Amino acid sequence: MAQRLFEGRDHAAAYLKYRVAPREVVDRITTFMHKKTLKRFNLAVDVGCGSGQMTTLLAPHFSQVIGVDVSAAQLEMALSNKKPANVTYRQCPAEELPFVSGEVDLVTAVAAVHWFDQEKFFQEADRVLRPGGCLAVVSYGIDMELEYGDVSDTLNKICQEYYAALIPARDPNLGVSDANMYLDMFGSCSYPDKEWNNPLCIRRTAPVSGFMGIIESTTYFQELKEKDPTEAERLSSGIKSKLLSAMKASSPDPEVTMVVKYFYWLACKP
Ligand SMILES: C[S@@+](CC[C@H](N)C(=O)[O-])C[C@H]1O[C@@H](n2cnc3c(N)ncnc32)[C@H](O)[C@@H]1O
């Protein structure tokens, strides 16, 4: 069943501020597409585009890129961000894409398909893709790792403690971005030309506050915050203190390397 979340303005703003833009995934997608076709790429559609991290990265490779999302708050953030001239946004559900059959070269969905009515979305993606067009289904888990000098193991034990506290707080009816779920979707895709990739570790340097911001932008944390804001604040500030104390850094907000583990599958419509 399709879920309506991500409607809050603060949540959308946290997305724009903290989420990683996965340019390495875009490189993999365009390499896959170039192997399939010599044709110039015209239109890419990024479904569940949120604040547009993936949408804008696609711009150099296509004549036109359109990000679509049900959430007005997310699209407002996407529009407030700098965007190339060939990128536009539209508000619509993933299950009813406003495109003519066969006009799209690439459909992407990043950290989003687990929120959709998957059967309807995949039917729509198949309808709008041209023969030889590609589908890229991408996500990542909450299980980010941190690297910092010789205390990475200690930091990762603290992160594990954080994730273990957040996961049970989540409504079991909500979508779960889990590699096994995406592997099942991959198995159900009827296109014979397809590939599964797991994991692609993307490293980004960010201050500890940036790492905390990413976790706080997850629906795991947002759910806990809604149920028990005091507990959410206590948990987050406790974890931040533990990380800073393990790092023994002189700066109040030292930089750390975050490792985000992406899993994704690509498929080419026959
Ligand atoms: C976890 S966010 C990912 C956003 C972005 N793709 C990214 O990688 O940062 C999921 C997005 O999917 C959108 N979404 C959820 N259900 C949807 C649906 N049925 N149709 C269109 N968008 C949907 C949400 O509004 C949200 O912006």
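**Strand S1.** I looked up strand S1 (residues 43-47) and found it mostly covered, with four of its five residues buried (20 or more other C-beta atoms within 10 Å of a residue's own; 12 or fewer is exposed, in between partly exposed; C-beta atoms are placed from the backbone). S1 pairs with strand S2 (residues 64-69) in the parallel sense, over five bridges; pairing needs at least two DSSP bridges between the strands. In this pair, leucine 43 stands opposite glutamine 64 of S2. Strands (E, at least two residues) and helices (H or I, at least four) are DSSP runs numbered from the N terminus.

**Basis.** I note that the model is predicted: local features need pLDDT of at least 70 and side-chain atom pairs count only at pLDDT 80 or more, while totals for chains, interfaces and linings use all residues. Residues are numbered from 1 along each chain as its sequence is written.

**Ligand.** I checked the 21 residues around the ligand; Gly48, Gly50, Ser71, Ala94 and Val110 come nearest. A residue is near if its C-beta atom, placed from the backbone, lies within 6 Å of the molecule. By class I read this shell as 13 nonpolar, six polar and two charged residues (nonpolar: Ala, Val, Leu, Ile, Met, Phe, Trp, Tyr, Cys and Pro; charged: Asp, Glu, Lys and Arg; polar: the others, Gly among them).

**H6 and H10.** I took helix H6 (residues 152-166) next: its axis comes within 9 Å of that of H10, and the two cross at roughly 175°. Axes are lines fitted to C-alpha atoms, for helices over the stretch in contact, and angles run from 0 to 180 degrees between N-to-C directions. H6 and H10 are therefore roughly antiparallel (over 145 degrees; under 35 is roughly parallel, 65 to 115 roughly perpendicular, the rest oblique). Thr154, Leu155, Ile158, Tyr162 and Ala165 of H6 meet Leu235, Ile239, Lys242, Leu243 and Ala246 of H10, contact being C-beta atoms, placed from the backbone, within 7 Å. I list this contact as eight nonpolar, one polar and one charged residues.

**H9 and H10.** Helix H9 (residues 219-227) packs on H10 (residues 229-247) at about 130°, with the axes 5 Å apart. That makes H9 oblique to H10. I find Phe221, Leu224 and Lys225 of H9 meeting Pro229, Glu231 and Ala232 of H10; the classes are four nonpolar, no polar and two charged.

**Asparagine 180.** I placed asparagine 180 in helix H7 (residues 179-188). It counts as exposed because it has 8 C-beta neighbours inside 10 Å. Glutamate 195 is 15 residues from asparagine 180 in sequence and 15 Å from it in space, C-alpha to C-alpha.

Conventions
Two residues are in contact if their C-beta atoms, placed from the backbone, lie within 7 Å.
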